[in-house]
Amino acid sequence: MAEPASSTAGVAIAAGAITITGSIFGIQYDALLIGFFGGLVALSYLPPTPLLRTAGSVISSSLIAGWFAPIIGVAIAHYMPWISGAGETAVRMSIAAAFGLGWQTIVPAALARLGKILEGKS
């Protein structure tokens with residue numbers, strides 16, 4: 001029998017960690033799951049990565065989406081009242097999807113920029 005791919009095992013580890021962490025911290029499950037699926041979609045565009053990096057990438061994208069999507073959704077509805085006509089849930093889900101999809105590219109870009117700043121190059 002063939003061994004499972006490392007990305008499949010990484011996704012399974014990430015799903016278990018996300019469920020446990022989300023329930024402990026009281027994260028809204030809808031934003032958490034949308035971030036998780038956004039992370040999986042973004043992961044499909046990345047080259048094959050080791051198990052822990054795959055799991056860490058999906059876990060971080062979904063947790064960030066679960067934590068920050070409700071907060072940013074409320075802020076957007078407050079500062080842009082014309083968007084609140086779409087409904088709070090639709091705004092929150094859109095933001096969670098954006099976090100889930102973009103997190104795998106935001107973190108490496110931010111780390112590269114931070115490395116340049118620390119080296120003294122702007």
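**Reading the features**

Modeller: Ile 20, Ile 24, Phe 25, Trp 67, Phe 68, Ile 71 and Ile 72 together make up a nonpolar surface patch with about 720 Å² of accessible area. Contributions of two or more residues come from helix H1 (6-25) and helix H3 (51-79), and H3 supplies the largest share, four residues. The model is predicted: local features need pLDDT of at least 70 and side-chain atom pairs pLDDT 80 or more, whereas totals for chains, interfaces and linings use all residues. Residues are numbered from 1 along each chain as its sequence is written, and side-chain values use heavy atoms, without hydrogens and water.

Biologist: What are patches made of?

Modeller: Patches consist of residues with over 30% relative accessible area and no salt bridge; like charges are joined within 9 Å, and nonpolar side chains (Val, Leu, Ile, Met, Phe, Trp, Tyr) within 5 Å. Areas follow the Shrake-Rupley method with a 1.4 Å probe, and for residues only the protein chains shown count as cover. Helices are DSSP runs (H or I, at least four residues), numbered from the N terminus.

Biologist: Is Phe 68 buried, partly exposed or exposed?

Modeller: Buried means under 20% relative accessible area, exposed over 50%, and partly exposed in between (1.4 Å probe, protein chains only). Phe 68, in helix H3, is partly exposed because its relative accessible area is 39%. Ser 61 also belongs to helix H3, but it is buried, at 0%.

Biologist: Which residues of H2 are buried?

Modeller: They are Ala 31, Leu 32, Gly 35, Phe 36, Gly 38, Gly 39, Ala 42 and Leu 43. These residues cover an arc of only 165° around the axis, so they lie on the same side of H2. The arc is taken from the directions from the helix axis to the C-beta atoms.

Biologist: How many salt bridges are there?

Modeller: Side chains of opposite charge can pair when their charged atoms come close. A salt bridge is a side-chain nitrogen of Lys or Arg within 4 Å of a carboxyl oxygen of Asp or Glu, and by this rule there are two. Asp 30 pairs with Arg 92, the closest N and O atoms being 2.4 Å apart. Asp 30 lies in helix H2 and Arg 92 in helix H4 (residues 88-119), so this pair ties together parts 62 residues apart in sequence.

Biologist: Which residues are joined into one network?

Modeller: Arg 92 also forms a salt bridge with Glu 88 (3.0 Å, N to O). Both residues lie in helix H4, four residues apart, about one turn of the helix. Through shared partners, Asp 30, Glu 88 and Arg 92 form one network.
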